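This briefing is arranged by topic for reading beside the sequence and the model. Each group of points may be checked against the structure shown here.

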Amino acid sequence: MRNHRFLLVILLTVCGACWSVNVAQSAFEMIQRDRNLSASNYCIYPDSALAPLTPAPEGKHPFYISHYGRHGSRYLSSRKGYDIPYNYLKRADSLGLLTPTGQFVLTEMRHIIEDSEGRWGDLSGLGKRQHRQIACRMMERFPEVFKGHAFIDAKSTVVNRCVLSMGSAVQQLVALNPDLDVTMKASQQDMWYMNHQDTMLRNRMTTPETTKAYDAFCEPLISNHRLMELLFVNPDSARKVVSENWLNYYLLKAGLIQQNTRMGERSQLVDLFSYEDCHCFWLRENAWWYFNYGPSLLNGGEQPFTQRYLLRKIINEADSLMRKDLHGASLRFGHETVILPLICLLGINGFDFQTENLADLENHGWWACLVFPMASNVQFVFYRENLADKDIVFKVLLNEQEATLPIPTDIAPYYHWRDFREYYLKKIDDYEASRH
Amino acid sequence: MIKILLSMVLAVFAVGLEAQTIREEIRNNIRCSASNYMAYPGPTQLKLASAPVGKQPFYISHFGCYGSCYHNGRQDYEKPYRTLAKADSLGMLTTLGKDVLRRLALIHQEADGKYGELTPLGAQQQQQIMKRMVERFPEVFTDNSAVDARSSMQLRCNLSMENAMMQLSRMCPHVKIHHNSTRRDTYFLDQQDRRLQKMKMDSVTTARYNAFAQHCENNSRLMQSLFNDTAYIRRHVNSKELNSQLFKIASNLQSMEVSRQVTFYDLLTNDEIYCNWEKENAWWYVNYAFCKLNGGEQPFSQRNLLRKIIEDADSLMLLDKPDVQLRFGDETAILSLVCLLEINNFGLATDDLESLDRKGWAAYKAFPMSANLQFVFYRENPDDKDVLFKVLLNENEVRLPLKSNDLPYYHWTDFRNYYLKKLEEYEEP
């Protein structure tokens, strides 16, 4: 029963996000509709019509939004990801091993590298638009939160693309309401929760068990003979200077990230790959994100606790705010390596699903791509009758869609804040007490 | 009549200000002694010259430095603290010394974890500058206008830009804003010239600078006010270093929230403050201005920026829509650029460091935190071939070494000819 409900949530999410007109039954189906959706953390934000929101609980109105958002679409972080396929192709070219298609791909890689040079990791124009539009919708959907001199406490990690994402959102907000009282901050001082690095958990990410399981899972997914035939006049000779597996992986990855930049319209790299190839890539990426940032049992199921400081901060700030006669929003801008474990820690939409079997993920709907596309975001929207109201309720939006939490409620999709506090503070406390 | 009288009084007052020596100016406003740490004072010129007859502003080209920020490193706060704390543990501090130790702890508390970052005042400065720009030149900020803002890769520059853009968006919600911070722009926003860098403090220049700074190194009064034992000072305190560290903190305090509670200026006499300023000012002159000691070329480190300003203006003039280009970088860039442009008397070329005050070369006039240059362009219509412009340094109209019948306006063609020639002569001697 739980599985069915869980699947339904996933299907609704996919449907709501308008990634397809029809409900996707599987990741493969989703990819069949658009190969770009296999891009995992390189997926662009599903910026389109949203499912309508549930009306506010009777007598209550929204007064506060607490948010964490990933930076918007960006360029590849470093040239290494392009150099690997480019250098393979160049070497093969120097030996006369490239087919006309191979030559074309080599030229295309050159164009891509030229376009990215000096822009490694930069927010793209699309990335800025995503944040403007998200901010715009946030304001349209919850005008009470942003009315008059509402406070906007905007914070970003110290990475430039996050600062620019924050700036884009803030520009949109003040354009719509010039009276907003905004502070923007990007400081090392806040990094302990905005982008917490947990050395102990990091050291436990990769274990002999995860390596063994991941290698076994990927084994049938990594080769691509068809691609080799397509690019090289003599694939066997090419294999002496080219790693088939890595060429397959990095070339598709290079193609998929282009949807985030102006090159998206020009690049045809993704067309070299079949739906099956893209699905294999998606499976590998999804599994990788699961055991590194999700609640995988292979390495102890504790990785999501990297975000305990962020969650505690979200709780503390909300608690303080509720005691004041204020309305407004706390906006935080950071990274996918934060939002994914945060969503898992919260168990939003069943993302706390735990397994040792990486092959279970697709069927159980543990699809990281639904959580962390570029500009992905989680919004806690708080409601009350008035300042004296002791029963504060809230709902959670994942990428602007109403989401579920693993705590009981009589007012779904709303939850009672006191239930949330109790459940999650205990969860964090228990983890911290057991940490060794 | 009253208006005329008022303007006469203002004019006399303005002349009076001009006539002040720098020593007097610093005495009247200690904050000026902070050089690059001076918090942005805002424009002193309240009324700008009216537009040239028949013309109106259509383009603004800007370069601005980040707003008020904290010192770059923990060491800036910790080193003097440690010196005093150690002495305190040995009972070697005076009552004042103990109090300075207390103040240092307060100051460090605010800066901790935010080294090199923008302070709330810095954010406010950027918003206010943007606000005045829009208010002073509303013709440039129409619904059709495009604004292209770029910042260097530094976090404080990026945040400065974002604060300015927030203000702009607040006032002109329909202006099309493009904002970016990318390594692609560092060639002009943060140009590094290794050759010039090496020349800055060659052995001869260093010797001359040290000799000049020598007369500012008597810190015994300050030390004796902090420590209660001269033998301890002699054996355990590097008084030259401690003086510099304390002055650096004193200078930057004006940018911090904690300045509402504490000051450091009471530790120093007017003469000591002036001496510290003189030493710092000469350092900036040697390193970033046309100082003859090290070849007189340092301002050319900003040649890419100046060329970019010229090229961008040339391109933008071809458009029939108003446009704004904003660039955010470092104080070192704006100081060199102001010298390269020979604005007011910043083109001064001398090897006599002692003459700087007399000749009115004071870096703080160029580069307080949030310092900015605005080139404001005027024309009758897009077909007008005689484009005029004026330059505002920190929002005050300034003079360039060009002839003009219509001051503070200059002909763009004269500017192009003069500065492109200057750059070409430097690049291909």
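In this predicted model, P408(B) is found in the loop that lies between β7 (396–397) and β8 (410–411) of chain B. The peptide bond that joins L407(B) to P408(B) is cis, with omega at about 5 degrees. The points below continue with backbone features and then take up strands, helices, domains and the contact between the chains.

**Backbone features**

- In chain A, a cis peptide bond joins A412(A) and P413(A), and its omega is about 5 degrees.
- P413(A) belongs to the loop between β7 (401–403) and β8 (415–416) of chain A.
- S35(B) is not a glycine, yet its phi is positive, at about 50 degrees.
- The position of S35(B) is in the loop between α2 (22–28) and β1 (56–65) of chain B.

**Strand pairing around β2 of chain A**

- Strand β2 (residues 151–156) of chain A runs parallel to strand β3 (residues 181–186) of chain A, and six bridges join the two.
- Within this pairing, F151(A) is placed opposite D181(A) of β3(A).
- β2(A) is also joined by six bridges to strand β4 (residues 328–334) of chain A, again in a parallel arrangement.
- Here K155(A) stands opposite R332(A), a residue of β4(A).
- A right-handed β-α-β unit is made by β2(A), helix α6 (residues 160–176) of chain A and β3(A).

**Contact between chain A and chain B**

- Chain A gives 19 residues to the contact, and chain B gives 21 residues.
- On the side of chain A that touches chain B, α6 and β3 of chain A each supply at least two residues.
- The largest share of that side, eight residues, is supplied by α6(A).
- By class, the residues of chain A on this side are 10 nonpolar, seven polar and two charged.

**Helix packing in chain A**

- Helix α14 (residues 308–322) of chain A packs against helix α18 (residues 417–434) of chain A at an angle of about 145 degrees, and their axes are 11 Å apart.
- The crossing in which α14(A) passes α18(A) is left-handed.
- α14(A) contributes R308(A), L311(A), R312(A) and I315(A) to the contact, while α18(A) contributes R421(A), Y424(A), L425(A), I428(A) and Y431(A).
- Six of the residues in this contact are nonpolar, three are charged and none is polar.

**Domains of chain A**

- Chain A is divided into domain 1 (2–73 + 124–205 + 289–434) and domain 2 (80–120 + 225–272).
- The centres of domain 1 and domain 2 of chain A, taken over C-alpha atoms, are separated by 35 Å.
- Domain 1 of chain A brings 10 residues to the contact, and domain 2 of chain A brings six residues.
- Five nonpolar, four polar and one charged residues form the side of domain 1 of chain A that touches domain 2 of chain A.

**Domains of chain B**

- In chain B, domain 1 covers 35–70 + 117–194 + 289–427, and domain 2 covers 74–110 + 199–265.
- Taken over C-alpha atoms, the centres of domain 1 and domain 2 of chain B are 35 Å apart.
- The contact draws 16 residues from domain 1 of chain B and 14 residues from domain 2 of chain B.
- The side of domain 1 of chain B that touches domain 2 of chain B comprises eight nonpolar, six polar and two charged residues.

Note on methods:
Residues numbered from 1 in each chain as written. Chains lettered and ligands numbered in written order. Predicted model: local features only at pLDDT ≥ 70, side-chain atom pairs only at ≥ 80, totals over all residues. Pairing = 2+ DSSP bridges. Helix = DSSP H or I, 4+ residues; strand = E, 2+ residues; numbered from the N terminus. Right-handed = clockwise from strand over helix to strand, strands pointing away. Domains from an automatic or database assignment. Contact = placed C-beta atoms within 7 Å. Nonpolar A, V, L, I, M, F, W, Y, C, P; charged D, E, K, R; others polar. Axes fitted to C-alpha atoms, helices over the stretch in contact; angles between N-to-C directions. Left-handed = near helix turned anticlockwise from the far one by under 90°.
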